[in-house]
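Open the model in your viewer and keep the selection tool at hand. The tour goes through pockets, then salt bridges.

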Amino acid sequence: MRTTATDGHLGMGIEQKSAEVSLGWQLRSYLALRVVLQPVMRAVVARRVARGKDDPTRAQEKLGQAGLARPEGPLIWLHAVGLGEVLALRPLLQVMGELAPEAHFLVTSTARSSAQVLGQNLPPRVMHQFLPLDGPTYVARFLDHWRPDLSIWSEQDLWPGAIVDIAGRGIPLAYINARISQDGFERRHKVRSGFKDLMQMFAFVAAQEPTSADYLKRLGAVAPQVMPSLKPAAAPLNVNTEALDELRGALANRRCWVAASSHVPDEAVAIAAQKEVLKTDPDALLIVAPRAPERGAEICQALAGAGVSFAQRSCGQMVEKRHQVYVADTLGELGLWYRLAQVALIGGSFGNTEGHNPWEAIVLGCPVMCGPNTANFTQDYRQLEAEGLAHRVADDAQAARQLADRVTGGQHTAATTRATQLVLEAQQALKPLARQLLSLQSL
């Protein structure tokens, strides 16, 4: 197979070299096991469809059966596991598309929600499919159909069998936006021989921050780099303009804030904070947009127990003046809520989730608040707090009061101009990375 050495700087030339990678016993054991487990994988897909966890009209994609035709010309394939990771790829796709107008792009993921939301936010010449399970027949079927000219893997979701199969066909591989915690490093270190074998197959490796780059180097990656963040370069989430106009009319002159991508611990603090807000502003509205929309009924139950009035969007209910909370339990509408809110509490920051992407709110001029637990976005929150675009709330007995003070205190104005500047700077920083990735096609 072909591998690549880099000089450690984005945008610089790539020195080509050839090397044969011999697989150690750990990776060879996995490759043997995937053959044995392939029938089980098919059963898993069938079971997930039966339980409503996979889309029955697209489940065959997970067995390598394409749902779309391959377009003519160069095809660049990018993979990320879930909704947040897939949406984070949009700015890179945009820049690569501008630099390579002849290319088409295939994005794969594993989470059902990622397909539903991405479909509403696809850049030009981009298609979506589900990643096939890691059985040799399924991966071969996928590669035979799509014949990618370049395979780019993002964040943490590496499928060893697929990577070996891709490398075996001489398709260049890149691993970008990598993020590894100390716990993740320690787990991978236990199988470091197999992980090193995988890392040797990537022509280019780039991490989100220096710590992850160091971990990757210690695990066998060749000259891992630190790349610019993808998230602040993202284009704004799309919105249904009719729904936006309708809700703006319904919410005229009301203070509005959103708990976005929320989980149970976030909602507990947000509901308590809203009760405090209402003491100052009885007309204020909290929008709760849960990370998992199917939790809508559960949230309504919690609101009833808290004694606040609410409406539920998935039931077709429109928010009225008497409602104090709107349960926005629908997929793909975060762009709507960020445009309506004056400030957003980004979920996953209370409890153990460790935070979700704050930039989707920021790029729409909506400043953010968070709880103490944001390890998934450490660098992002550090930058946003320094810019005055993010404020942290401690997870203690005063959390609800502190959050309410932020909602009503008016410290969240004039975010749009600075957010626009940050997005433009981030988009410019992505161009060297996009050029370097595109250059891998000629290896």
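**Stop 1: the largest pocket**

Select Leu83, Gly84, Ser261, Arg291 and His356: of the 35 residues lining the largest pocket, these lie nearest its centre. Keep in mind that this is a predicted model. Now colour helix H2 (83-88), strand S11 (285-290) and helix H13, the elements that each give two or more residues to this lining. The volume of the largest pocket is about 540 Å³. What classes of residue make up the lining of the largest pocket? There are 15 nonpolar, 13 polar and seven charged residues.

**Stop 2: the second largest pocket**

Move to Arg179, Glu209, Ala375, Asn376 and Thr378. They lie nearest the centre of the second largest pocket, which is lined by 22 residues. Two elements to show here are H9 and helix H15 (378-386), which give two or more residues each to the lining. The volume of the second largest pocket comes to about 410 Å³. By class, its lining holds six nonpolar, 11 polar and five charged residues.

**Stop 3**

Is Asp214 buried, partly exposed or exposed? Asp214 is partly exposed, because its relative accessible area of 37% falls between the 20% and 50% cut-offs.

**Stop 4: a bridge between two loops**

Next, select Glu333 and Arg313. A salt bridge joins them, and the closest N and O atoms are 2.7 Å apart. This pair links distant parts of the chain, 20 residues apart. Glu333 is in the loop between strand S13 (325-327) and helix H13 (334-340), while Arg313 is in the loop between strand S12 (310-312) and S13. Switch to a surface view. Glu333 is buried, at 18% relative accessible area. Arg313 also has a relative accessibility of 18%, so it counts as buried under the 20% cut-off.

**Stop 5: Asp54 and Arg48**

Select Asp54 and Arg48. Their side chains meet in a salt bridge at 3.1 Å, N to O. Compare the two ends: Asp54 is buried, with a relative accessible area of 5%, whereas Arg48 is partly exposed at 32%.

**Stop 6: a network**

Finish with Glu276, Lys279, Arg401 and Asp405. Salt bridges with shared partners join these residues into one network. How many salt bridges does the model have? The count comes to 19.

Notes: Residues numbered from 1 in each chain as written. Predicted model: local features only at pLDDT ≥ 70, side-chain atom pairs only at ≥ 80, totals over all residues. Heavy atoms only, no water. Salt bridge = Lys/Arg side-chain N within 4 Å of Asp/Glu carboxyl O. Buried < 20%, exposed > 50% of the residue type's maximum accessible area, 1.4 Å probe, protein only. Helix = DSSP H or I, 4+ residues; strand = E, 2+ residues; numbered from the N terminus. 1 Å grid on protein atoms, 1.4 Å probe; cavity = no way out; pocket = protein on both sides within 12 Å on 5 of 7 lines; lining within 4 Å. Points joined across faces, edges and corners; volume = space filled by probe spheres on them. Nonpolar A, V, L, I, M, F, W, Y, C, P; charged D, E, K, R; others polar.
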